[in-house]
Amino acid sequence: MSIALETVLAKAGLRVSPGEFLGLVEDAARRLSPPNPNPAEYFSADQRETLTEVGLDLRPRRP
């Protein structure tokens, strides 16, 4: 993937390595995501029940 990403970056005129680019994407994603997401909010009550029955932890993430 690194070579393909290098090609895309070069075609776009970006002078960053694939690693630097992915670091920038990761930083941007962190800024866009809520600081302590509550995964349970993404599901209906029935879905939450099913997911917890199979062992998933839907408690909010802590820092």
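Residues 24 or more positions apart make up 17% of the contacts in the chain with a separation of 6 or more, a contact being heavy atoms within 4.5 Å. This is a predicted model, in which local features need pLDDT of at least 70, side-chain atom pairs count only at pLDDT 80 or more, and totals for chains, interfaces and linings use all residues. Residues are numbered from 1 along each chain as its sequence is written, and side-chain values use heavy atoms, with hydrogens and water left out.

The chain contains 3 helices and 0 strands, and its pattern along the sequence is α-α-α. Here helices (H or I, at least four residues) and strands (E, at least two) are DSSP runs numbered from the N terminus. The chain is more spread out than a compact globule, because its radius of gyration is 18 Å, well over the 11 Å that the globule rule gives for 63 residues. That radius is taken over C-alpha atoms, and the rule is 2.2 Å times the number of residues to the power 0.38. The C-alpha trace spans about 50 × 20 × 15 Å along its principal axes.

Of the 63 residues, 10% count as buried. Buried means under 20% relative accessible area, exposed means over 50%, and partly exposed lies in between (1.4 Å probe, protein chains only).

The loop between α1 (2-11) and α2 (18-32) holds Ser17. Ser17 counts as partly exposed because its relative accessibility is 31%. Ser17 and Glu6 are 11 residues apart in sequence, and their C-alpha atoms are 6.9 Å apart in space.

The charged side chains come next. A salt bridge is a side-chain nitrogen of Lys or Arg within 4 Å of a carboxyl oxygen of Asp or Glu, and by this rule the count is 3. In one of them, Asp57 pairs with Arg59, with the closest N and O atoms 2.7 Å apart. Asp57 is partly exposed at 46% relative accessibility, whereas Arg59 is exposed, with a relative accessible area of 52%. Elsewhere, salt bridges that share partners join Glu26, Asp27 and Arg30 into one network.

Arg30 and Asp27 are 3 residues apart in helix α2, about one turn of the helix. Glu26 counts as partly exposed at 42% relative accessibility, and Asp27 counts as partly exposed at 34%.
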